[in-house]
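Take a walk through this structure with the text below as a guide.

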Amino acid sequence: MMSNLLILPMLLPFLCALILVFIKDKSKVSKFLCIGTMLVTTLISLSLLIYVMNEKPITLDFGGWKAPFGIQFLGDSLSLLMVTVSSFVITLIMAYGFGRGEQRVNRFHLPSFILFLSVGVIGSFLTSDLFNLYVMFEIMLLASFVLVTLGQSVEQLRAAIIYVVLNIIGSWFLLFAIGLLYKSVGTLNFSHIALRLNNMEDNQTVTMISLIFLVAFSSKAALVIFMWLPKAYAVLNTELAALFAALMTKVGAYALIRFFTLLFDSHEGVTHPLLIFMSCLTMIIGAFGVLAYKDIKKIAAYQVILSIGFVILGLGTHTFSGVNGAIFYLANDIVVKTLLFFIVGSLVYISGYRQYHYLSGLAKREPFFGIAFIIMIFAIGGVPPFSGFPGKVLIFKGAIENGNYIGLGLMIVTSLIAMYSLFRILFLMYFGDQDGEEVEFKKIPKHRKGILGILVVVILLMGIGAPEVLNVTENATKMNMDEHQFHQIVNTHLKEGDN
């Protein structure tokens, strides 16, 4: 019974997206339907996560065909944690609304494409089949291509071209890697692939395939291959920028965690040191980016790049603490980056400008934004008791256990830089000399402040209630770092010597 529910987090948004196509002229009905669908999806995902934590992972084999022959979806602690957090932030993004453009976006089916993107994201988390992962990536990317090009400015068109081209190239690499892996092991199911890779003696072939997957997923996660991200995120409106920041790079980071713990962990002599090197390079890129710009949207975009560097550093340590911290920080970052882009988008709306020197004196008139901004900065910096602290501490521990003191030092320095880049905006908001006389600040709708307040509360709860979240992330880490435990629980009918 529970296994059948696993299809609902994908099916409900898909059906809702189709229904919205036929009621596009009824904006209020469309909005309530979107919010209601994603709220139900969140509750179902949370219920499944609680069940999995108390019982065992659940699988759904389509058509009754057992793995490795049929398409399999898997609900384990890692996938369902990601699905639950993602569904939650999508619900808030739908509730945030589209402002004056509400009628226009319904005419262009924007809510439907957001839901189609959600289907691709959630499907990417839940699938246990390699080719189906590619299909879900493409659903997600096709919807994102429409969303990122849905504008009339030259700046948006230029950003869209870079975004589309680089992501298409990344998809080619992914498909090529899938073909090579299938040729080598003859299966597409995750647990079956892990079994057969353990029995392979050709380390060079496995290493080559893993490097191609690394390039493919890096292009999705903005790990070093970041060129598409700052321009694309900077030109999107508030709700779409929050959607992209919360989800698009996180799917790539999730895939890296799943693949380089479960599949490519037996030949880590090349891949994991490379992951650490790439994470360090990404942190440096992000640090320079947050310091170089006065455009608050681009500063926020480079904050996304920085956080990916933190997550992959934890993964690259190949220690229990590091991977556990990476999973915790990844889930936390979905919420934090949603709040960051909501705040940044609100500041642009209120002032009418993207440069932060126009925000002088704003916090005195809107103290709520000052409080929310401070909490967000502390969460990004990993200050206790906020939600960024547990993940960063575990990544620190993993780096020490791995002997990677350069990565540890870079993470500390770039975390301070990330906080500094946001504090300089906050100080201007509070103590700016002009006291806001040159800018006529607009009022932001109360329901949007309420959504920001919900995210602030969640960040506080994730920090204070970290032991509960850590129970989930520790379970996920154990499952994925021990492929024997994984296939014994998920696909008990597959044997060690199965060929």
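A residue is called buried when its relative accessible area is under 20%. By that cut-off, Lys 250 and Asp 333 are both buried. Keep in mind that this is a predicted model.

Start with the charges. The structure holds four salt bridges. One of them joins Lys 250 to Asp 333, with the closest N and O atoms 3.5 Å apart. Lys 250 sits in helix α12 and Asp 333 in helix α15 (residues 320-351), so this pair ties together parts that are 83 residues apart in sequence.

Asp 333 also has a salt bridge with Lys 337. Here the closest N and O atoms are 2.7 Å apart. Both residues belong to helix α15, four residues apart, which is about one turn of the helix. Lys 337 has a relative accessible area of 0%, so it is buried. For Asp 333 the value is 2%.

Another salt bridge links Arg 258 with Asp 76, at 2.9 Å between the closest N and O atoms. Arg 258 lies in helix α12, while Asp 76 lies in the loop between β2 (72-75) and α4 (77-96), so the pair ties together parts 182 residues apart in sequence. Both partners are buried.

Now look at the rings. The whole structure has 26 aromatic pairs. In one of them, the rings of Tyr 233 and Phe 244 have centres 6.1 Å apart and planes at 90°, so the pair is edge-to-face. Tyr 233 is in helix α11 (residues 228-235) and Phe 244 in helix α12 (residues 238-263), 11 residues apart. Tyr 233 is buried at 0% relative accessible area, and Phe 244 is buried at 0%.

Phe 260 and Phe 264 make a tilted pair, because their centres are 5.6 Å apart and their planes meet at 45°. Both are buried. Ring pairs also join them to Phe 137, Phe 190, Phe 213, Phe 217 and Phe 259 in a cluster.

Next, find Ser 118 in helix α6 (residues 110-126). Ser 118 is buried, at 0% relative accessibility. A polar atom of its side chain lies 2.9 Å from the backbone oxygen of Ile 114.

Finish on the surface. Leu 157, Ile 161, Val 165, Ile 168, Ile 169, Trp 172, Phe 173 and Val 215 form a nonpolar patch there, with about 720 Å² of accessible area together. Helix α8 (residues 154-185) supplies the largest share, seven residues. Val 165 lies in helix α8. At 43% relative accessibility, Val 165 is partly exposed.

Methods: Residues numbered from 1 in each chain as written. Predicted model: local features only at pLDDT ≥ 70, side-chain atom pairs only at ≥ 80, totals over all residues. Heavy atoms only, no water. Patch = residues over 30% accessible without salt bridge, like charges linked within 9 Å, V, L, I, M, F, W, Y side chains within 5 Å. Areas by Shrake-Rupley, 256 points an atom, 1.4 Å probe, with all protein chains shown as cover. Salt bridge = Lys/Arg side-chain N within 4 Å of Asp/Glu carboxyl O. Helix = DSSP H or I, 4+ residues; strand = E, 2+ residues; numbered from the N terminus. Buried < 20%, exposed > 50% of the residue type's maximum accessible area, 1.4 Å probe, protein only. Phe/Tyr/Trp six-rings, centres within 6.5 Å; stacked < 30°, edge-to-face > 60°. Polar contact = N/O pair within 3.5 Å; in protein donor to acceptor, adjacent residues only side chain to side chain.
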